[in-house]
Structures are given as structure tokens and as C-alpha cells.
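Me: I have a new model open and would like to learn how to read it. Could you walk me through it, feature by feature?

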Amino acid sequence: MEGVGERLPRLLALVPYLLVRPGVPIEEVAADFSVTVRQLRRDLELLWMCGLPGYGPGDLIDLSFEGDTVTVTFDAGMRRPLRLSRAEATALVVALRALADTPGVADTGSVRRALAKIEAAAGQTDGVVLGLATREEAALATVRDSLDHRRALRIRYYTPSRDTVSERVVDPMRLLLVEGRSYLEAWCRAADEVRLFRLDRIEHVTTLDEPAQPPPHARPADVSAGLFRARPDQQIAVLTLAPDARWVAEYYPIDELIEGEGGTATVRMRYAETDWMVRLVLGLGADVIIRDPPELAAAVAQRALAALRRSSAAAPSQTD
Amino acid sequence: MPTSRAERLVNLVICLLSSRQYLPAERIRRIVPGYAEAASDEAFSRMFERDKAELRDLGVPLETGRTPGFDAGEGYRIARRDYELPDIDLEPDEAAAVALAARLWDSPQLAGAAHGAVLKLRAAGVEVDPEPSMVVEPRVRATEPALIPLITAVQEGQAVTFVHRRHPAVLPAPRTLEPWGVVSWRGRWYVVGHDRDRSATRCFRVSRIVGPVRTVGPAGAVQRPAGIDLLKVVAGSAGPPPVAHTARLWLSSGRANGLRRYAKVLGSMTVDGVVGDVVTVDLPGHDVATRWIAGLGPDAVVLEPAELADAVRARLAAAAGAVG
């Protein structure tokens with residue numbers, strides 16, 4: 001069950017909310033407060049029992065229901081919402097300030113005016129700074145322009161998981177700025193699905209003289225749990241990383257990390273393409289031990305031996 | 001049916017808001033529904049303390065004092081001017097900016113706090129679109145456990161201690177910091193401040209803090225230097241980019257496409273019966289270059305410099321021996 005810590009703020013905000021919206025549909029109220037209609041009705045029933053000391057008919061909060069709408073007819077003095085808490089003010093003010101300082105995301109004029117008004121009502125917040133600027137990306141201007149003018153794009157894109165570069169036509173949907181990088185979210189006509197393209201991996205981009213037309217069923221991805229989600233077709237590697245290879249656990253998403261002796265760490269890591277994982281592990285040399293799967297270990301050893309042979313062939317004069 | 005705690009708390013707020021006098025606890029016990037259910041003085045006292053803490057956690061300005069001219073003793077009230085959100089009137093474009101700001105966070109605590117703020121703005125009559133459609137959408141992840149305690153310490157002006165790993169490859173060490181601010185830069189969180197042990201300005205990556213953040217000393221003890229640009233401190237601490245050096249490589253035809261993005265083809269050459277290209281490429285630091293090239297296995301061979309060729313061969317030999 002929901003704790004009073006979540007419910008009480010809603011209860012305190014409901015009466016002022018309803019006061020400024022006489023006759024609002026209950027369904028709309030529930031949506032605005034992100035609760036079910038059932039929960040909202042329970043909240044309204046509770047408020048109906050509350051009021052000024054005396055708690056007689058003229059003292060209690062009064063609500064009138066008409067059809068599926070609700071109106072406050074007596075507010076018992078709950079006319080305005082509570083001030084923003086420090087955490088609420090921080091979350092909002094820090095985000096607004098970041099938007100104000102980052103050109104090209106939202107209209108900075110509107111953001112600055114909103115920021116000034118929120119700060120006037122909620123107070124100043126110092127000590128948390130968000131830099132939203134991403135690294136410089138050559139494709140950014142063209143991608144922005146295609147989004148503003150709803151144009152399809154032809155891109156040459158490098159896919160690291162398969163180590164390939166391919167040409168494709170995409171219908172841009174939005175630009176995501178996540179973890180210091182920019183991603184174009186677009187309908188990929190070749191893949192027939194919504195894909196994310198990291199801007200620094202777009203080698204070449206051309207605006208096409210045709211409109212961007214993602215199909216109606218193309219939905220933006222939910223990135224709230226991170227850009228990389230576990231997929232059932234992924235494999236899992238278990239690797240023991242020496243201290244010099246521990247950056248891997250910071251750089252790539254991992255499922256689990258177990259501290260080992262001498263600063264080592266054993267991690268569980270998901271991967272879709274075996275070739276990609278072989279490249280990663282091969283590059284780490286002695287700083288990694290492959291615990292699982294055995295096929296990965298065999299593939300790495302085989303590639304390493306092949307590479308040593310080829311290296312010798314390229315420089316026959318060198319001897320070991 | 002017993003009065004629910006939520007109901008008791010709403011009634012308590014309404015009661016204290018409506019009173020100009022400070023109401024003693026005993027009087028509150030008699031008038032606010034629910035407290036009468038307390039079986040003993042001690043049970044009431046526990047109940048009331050918990051309720052006061054709950055309200056203060058929510059930011060309800062609960063005042064304690066005595067009403068002059070009344071001898072009822074110490075009591076409680078809520079001043080309406082401190083409780084109520086002042087008038088706020090946002091134009092539609094400003095409300096849209098607020099909506100975008102509110103969904104910037106990918107973090108349960110911060111997203112929850114932003115949502116709470118939006119609820120209050122809605123209750124103040126501002127229409128905030130729950131699903132603004134944005135062409136450019138920034139998202140900030142803030143899931144490091146140390147983050148919220150650090151933000152709180154910064155806002156309280158309190159020094160902190162924590163155990164921190166300076167680099168993934170070194171062992172963690174304890175630090176004592178007077179924190180000036182918390183900064184997100186290029187998708188990573190840093191805490192900036194005065195490092196007491198080193199007597200210098202330092203910034204620490206928050207994700208490399210191991211275990212809890214503990215406050216030390218009183219609140220209000222930390223003074224942030226006036227006019228300091230925290231973002232600049234963090235950006236400046238990144239250090240210069242590693243020196244690039246040029247290498248000549250052989251790359252197998254149609255392979256090593258990641259490396260080819262930075263390479264210039266000089267000509268073609270057959271090695272070990274395999275057709276490929278001779279390329280020149282500017283590579284970042286020695287370690288990264290060694291790792292990239294070794295990772296490509298037989299698809300890449302270093303022609304020069306010799307030190308890089310040796311480093312790659314040593315790494316490949318280690319990888320070949322790891323299972324043999």
C-alpha cells in the first residue's frame with residue numbers, strides 16, 4: 001500500500017487544485033496526479049471527512065459531484081498548495097537553469113522567464129549544476145535542421161557491435177541528449193524499426209528532398225531505464241578484470257560486479273555480437289580472464305594466435 | 001472505524017492553519033480526530049511526534065511558540081504566509097519549459113521531487129502539459145547512491161567524508177571534503193570542494209565513491225568561495241587529451257571499419273595471402289592504441305612504430321596464452 005509520505009502531499013494539493021478548476025472531470029484529475037480513478041475517489045472520500053475543528057456540516061470540506069466531474073464548494077481554508085520543498089525546488093530550478101544555459105534545446109527566453117518566476121516563488125537553489133552540452137558532433141547542425149523541417153536523412157553510420165559502416169535512409173523523430181552524448185532517434189527504413197544513432201558515429205549525412213514520415217506506429221523508445229536494455233537474444237560473459245581493466249565496468253553497462261583480491265573485479269556483462277566481445281577481450285590482453293562462456297575464450301585465443309602469425313608474416317625479418 | 005493517519009494529518013494541517021494562537025499539544029489531542037484513540041499519554045506523545053516529523057519532512061512550516069496573553073504554555077501553529085505557495089502565473093511557453101525541465105531527470109528521487117513540484121504548480125492553477133512533445137530531449141541520469149546525500153550536504157553547508165577510488169585501477173582511499181557543489185558534466189556526476197587532507201580544490205567522480213557519505217561537523221560550516229564557476233572547475237580538471245601519435249598499419253580489406261574511420265589509405269598490400277590496405281592513422285594514447293589494434297586480431301598489423309608493434313604482440317601473446 002502507498003505510504004502516507006506519498007499520499008499526504010497529494011491530499012494537501014487536491015483541494016486547491018479543484019478550487020481553480022470547478023467541474024473538472026475526475027478522470028482528468030486522476031491523470032494529473034498520476035493515480036487511478038479508484039485511488040482518486042478514495043482520496044476525495046477522505047478529504048470529505050476532513051475540515052475545521054468542530055467538524056460539523058459547515059466545517060468539513062465539501063465537494064459536489066455532477067456526473068463524472070467534481071467541484072469544491074467549501075475548502076476549509078485549504079486555498080493554496082504548500083510551498084515547494086527544498087528537494088522539489090532543487091529538482092525544478094536546477095533543470096530549468098541547465099535548459100537556460102544550453103542553447104538549442106528549448107526556447108531559452110521562455111526558460112529564463114519560467115526560471116525567474118519559479119525562483120521568485122520557491123527561492124534560490126545553489127550547489128547543483130547540470131552541464132547538458134555534449135561533445136562536439138559534426139552531424140549535429142544537419143540533424144537539428146532535419147528535425148525542425150521534418151526531412152528524411154540519408155546517413156552513413158558506423159555500427160561498432162558489428163564493426164560495419166552502412167548507408168541508410170531514416171525518418172528523424174527526436175534528438176536525445178543522454179550522458180553527455182547526442183543520439184538521433186529515427187525510423188530506420190532498412191531495419192523497419194525505431195533506432196538510436198549516436199551522432200559521433202554518423203560519418204556522413206545528407207538531407208533528402210522528401211518529408212520525414214515515420215509510420216504511425218513508430219513510438220519513441222522509453223529511455224528512462226538507460227539506453228541499453230537487456231534483450232533476450234543477448235549472451236552473457238563472466239570476466240575477471242585486473243585493476244587496469246576495471247574501467248570496462250564503468251564504461252559498459254554490466255549486470256553485476258563482485259570485488260576480488262588485489263583490486264580485481266568479476267563482472268557479468270551482456271553482449272549481442274560475439275565479434276564485438278572478442279575485440280574487447282582481445283584488446284585487454286593479460287588484464288582479463290574469461291570465466292564464461294568457454295566458446296568466447298576459445299574464439300579469443302584462436303584470434304590471438306592468428307594475429308600473431310599474421311604479424312610475423314608481415315615482418316619476416318623480425319624474429320622473436 | 002479508526003481514523004486513518006492520512007486523515008488525521010490533513011485535519012492537523014487544517015487545524016493549525018486556521019489557528020492564530022499556538023495550540024498546545026493537549027488541546028490538539030482533544031480536538032483533532034484520531035488522537036483520542038491514543039490509549040495513554042505516552043502513546044499520544046509518540047503519535048504526535050511522528051506526525052510532526054512527517055509534516056516537517058514534507059516541508060510544512062510547523063511553528064512552535066507561546067501566544068502572548070495566554071498561559072496555555074508552548075504550542076503549535078502554521079503561519080499561512082509561510083505555508084502557501086505564492087502566486088505564480090506562467091505563460092503557456094513558460095509552462096512548457098517547466099514541463100520539459102520536470103522530465104529531465106532519470107532518477108527516482110529527483111524525478112519524484114520534480115513531479116511533486118509540478119503537482120503543486122497545477123494546484124496553484126498553472127497548466128503543465130504532462131507529455132510535452134519535444135524535438136530535442138535532454139535526460140540526466142542521477143542514480144548514484146552517493147548523490148542525494150552529497151546534494152543535501154552541499155545545501156546544508158556541511159563537510160563530508162567518503163571513500164573514493166581516484167581511478168578504476170587504484171584502491172579506494174578515504175577523503176574529507178568541504179563540498180561546494182555537485183556538477184553533472186558530460187553525463188557524469190562530480191562533487192567539487194575543498195579537500196581538507198590536501199588543502200586544495202578537488203573534484204571527485206560520484207560514481208567512484210564506495211560506500212556511504214557521512215557528514216562531519218556542524219551545518220553551515222562550509223563556505224563556498226564567491227563567484228566560483230563549478231562547471232569550469234570540473235571541465236578544467238579533465239586534463240589535456242592524450243598525445244596522439246601516428247602509426248602505419250596494414251588492415252585487412254573491408255575489415256577494421258572502426259579504425260578506418262580515422263585512417264588514410266596509402267596503398268594496398270598482401271600479407272599472409274590476404275589482400276589489405278596500408279593506412280596511416282593518428283591514434284590516441286599508447287594504451288588505447290594498443291588495445292584497439294590488438295582487439296582487431298588478424299585484421300590489423302602494426303608496420304610502425306616498432307614499440308607499438310611490440311606492445312600489440314605482447315598483448316596478443318597474453319590473450320593467446322590465457323586459455324592455453
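Reply: Happy to; we will go from confidence and domains to the interface, a sheet and some backbone details. Keep in mind that this is a predicted model.

Me: What confidence values does the predictor give the complex?

Reply: The complex has an ipTM of 0.84 and a pTM of 0.85. For chain B, the average pLDDT is 91, and 97% of the residues score at least 70.

Me: Which domains is chain A divided into, and which does the assignment give for chain B?

Reply: In chain A, domain 1 covers 4–74, domain 2 covers 87–211 and domain 3 covers 235–314. The centres of domain 1 and domain 3 of chain A, taken over C-alpha atoms, are 58 Å apart. Chain B is assigned domain 1 (5–135), domain 2 (147–237) and domain 3 (245–323). Between the centres of domain 1 and domain 2 of chain B there are 32 Å, again taken over C-alpha atoms.

Me: How many residues of chain A are in contact with chain B?

Reply: On the chain A side there are 104 residues, and they touch 96 residues of chain B. Helix H9 of chain A (residues 294–314) supplies the largest share of the chain A side, 15 residues. By class, that side has 65 nonpolar, 15 polar and 24 charged residues.

Me: At what angle do helix H4 of chain A and helix H5 of chain B pack?

Reply: Angles from 65 to 115 degrees count as roughly perpendicular. Here H4(A), residues 86–100, and H5(B), residues 92–102, pack at about 110°, with axes 9 Å apart, so H4(A) and H5(B) are roughly perpendicular to each other. H4(A) contributes Leu92(A), Ala95(A), Leu96(A) and Leu99(A), while H5(B) brings Ala97(B), Val98(B), Leu100(B), Ala101(B) and Ala102(B). This contact has nine nonpolar residues, with no polar and no charged ones.

Me: How do strands of a sheet pair?

Reply: They pair through backbone hydrogen bonds, and the pairing is either parallel or antiparallel.

Me: In what order do the strands of the open sheet in chain A come?

Reply: The order of the four strands is S11-S12-S10-S13, with antiparallel pairing. S11 (256–259) and S13 (288–292) are the edge strands, each pairing on one side only. On average, neighbouring strands are turned by 25° against each other, direction ignored. Between S11(A) and S12(A), residues 265–271, there are four bridges, and Ile258(A) stands opposite Thr266(A). Helix H8 of chain A (residues 274–284) lies across S10, S12 and S13, at about 140° to S13(A).

Me: Which backbone values do most residues and peptide bonds have?

Reply: Most residues other than glycine have a negative phi, and most peptide bonds are trans. Now for the cases in this model. Ser34(A) has a positive phi, near 55°, and sits in the loop between helix H2 (26–32) and helix H3 (37–48) of chain A. The bond joining Asp292(A) and Pro293(A) is cis, with omega about -5°; Pro293(A) is in the loop between S13 and H9 of chain A. In chain B, the peptide bond from Glu304(B) to Pro305(B) is cis, with omega near 0°. You can find Pro305(B) in the loop between strand S13 (300–304) and helix H11 (306–321) of chain B.

Definitions and conventions:
Residues numbered from 1 in each chain as written. Chains lettered and ligands numbered in written order. Predicted model: local features only at pLDDT ≥ 70, side-chain atom pairs only at ≥ 80, totals over all residues. Axes fitted to C-alpha atoms, helices over the stretch in contact; angles between N-to-C directions. Helix = DSSP H or I, 4+ residues; strand = E, 2+ residues; numbered from the N terminus. Parallel < 35°, antiparallel > 145°, perpendicular 65-115°, else oblique. Contact = placed C-beta atoms within 7 Å. Nonpolar A, V, L, I, M, F, W, Y, C, P; charged D, E, K, R; others polar. Pairing = 2+ DSSP bridges. pLDDT = per-residue confidence, 0-100. Domains from an automatic or database assignment.
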